[in-house]
Amino acid sequence: MRKPVIAGNWKMNMTCTEAIEYMRVLIPLLKDIPKKDREVVIAPPFTALYPLSEFIRDRNEYLSLSSQNVHWEDSGAYTAEVSPLMLNELSVKCAIVGHSEPRKYFSESDEQINKRAKSAQDHQLIPIVCVGETFQQREMGEAERVIRRQIEQGLEGIEVKRLIVAYEPIWAIGTGKTCEANEANRICGLIRKWIGYEDVIIQYGGSVKSNNIDEIMSMSDIDGVLVGGASLDPTNFARIANYEKI
Ligand code: PGA
């Protein structure tokens, strides 16, 4: 039985003060979520992880935190990076790795992403490994080949039972163009087949909103969502977390 994971990726948004205000609004709106049915995760910027970990402790047992990245070394001369030990200290549960933004802006490779994912697992963090094709790759009929390569290289040596994969077509991120639900479901099904583990959690990400979440979550191979823009408003995100299958 796969338990859906609804994750909000705040990217480079929210000061610590704003993050706490957000939680004050969000948490009461999550009170009716069937706890056995789904999990809710927030990935704030690194700076907000500490105040949020303090704030949500004892307040909400099914809301957890994710980092937006993690390094493969425990410590050292890696300016601007964050160590898995630093995340462990804050009770962080997941770590997003391989998001298309660091892939694009900082030329992250599948090899580096693989090292980050392994480091996460070695420190009891669940990696959320993002994969997805560009518009051009899709137009050229290359989407499946590209995603398969990202899966094979990014997940080499990874324990599939402690893993979340997020299928995020790059052309759908922040553009308002959602991948059609049936097509997203088809790709998620392929990813499941390539990974070879029926129970792996596979999220969809890319312009998920309160008005398309119910359809997306009705798909058989989509086990949750990774939400960017629409997670920045707590009321909106609460509606997404409270999705109903149609
Ligand atoms: P979006 O971002 O929901 O704003 O499209 C998704 C993501 O980058 O994870």
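The model is predicted, and local features were taken only at pLDDT of at least 70, side-chain atom pairs only at pLDDT 80 or more, whereas totals for chains, interfaces and linings use all residues. Residues are numbered from 1 along each chain as its sequence is written, and side-chain values use heavy atoms, with hydrogens and water left out.

A pair of aromatic rings is described by the distance of the centres and the angle of the planes. Rings of Phe, Tyr and Trp (its six-membered ring) were paired if their centres lie within 6.5 Å, with planes under 30 degrees apart counted as stacked, over 60 as edge-to-face and the rest as tilted. By this rule there are 2 aromatic pairs. One of them joins Trp10 and Tyr22 in an edge-to-face arrangement, at 4.6 Å centre to centre and 65° between the planes. Trp10 lies in the loop between strand S1 (5–9) and helix H1 (16–29) and Tyr22 lies in helix H1, so the pair ties together parts that are 12 residues apart in sequence. Helices (H or I, at least four residues) and strands (E, at least two) are DSSP runs, numbered from the N terminus. Trp10 is buried, at 0% relative accessible area, and Tyr22 is also buried, at 3%; buried means under 20%, exposed over 50% and partly exposed in between (1.4 Å probe, protein chains only).

Tyr22 also takes part in the packing of H1 on helix H10 (residues 234–241). Here Tyr22, Val25, Leu26 and Leu29 of H1 meet Pro234, Thr235, Phe237 and Ala238 of H10 (contact means heavy atoms within 4.5 Å). The axes of H1 and H10 are 9 Å apart, at an angle of about 30°, which makes the two helices roughly parallel (under 35 degrees; over 145 is roughly antiparallel, 65 to 115 roughly perpendicular and the rest oblique). Axes are lines fitted to C-alpha atoms, for helices over the stretch in contact, and angles run from 0 to 180 degrees between N-to-C directions.

Arg38 lies over the face of Tyr243, 3.7 Å from the ring centre, and Lys177 lies over the face of Phe135, at 5.6 Å. The criterion is NZ of Lys or CZ of Arg within 6 Å of the ring centre and within 35 degrees of the ring normal.

Ala80, although not a glycine, has a positive phi of about 80°. Ala80 is found in the loop between strand S3 (63–67) and helix H3 (84–88) and is exposed, at 71% relative accessibility. Ser91, likewise not a glycine, has a positive phi of about 55°. Ser91 is in the loop between H3 and strand S4 (94–97) and is exposed, at 60%.
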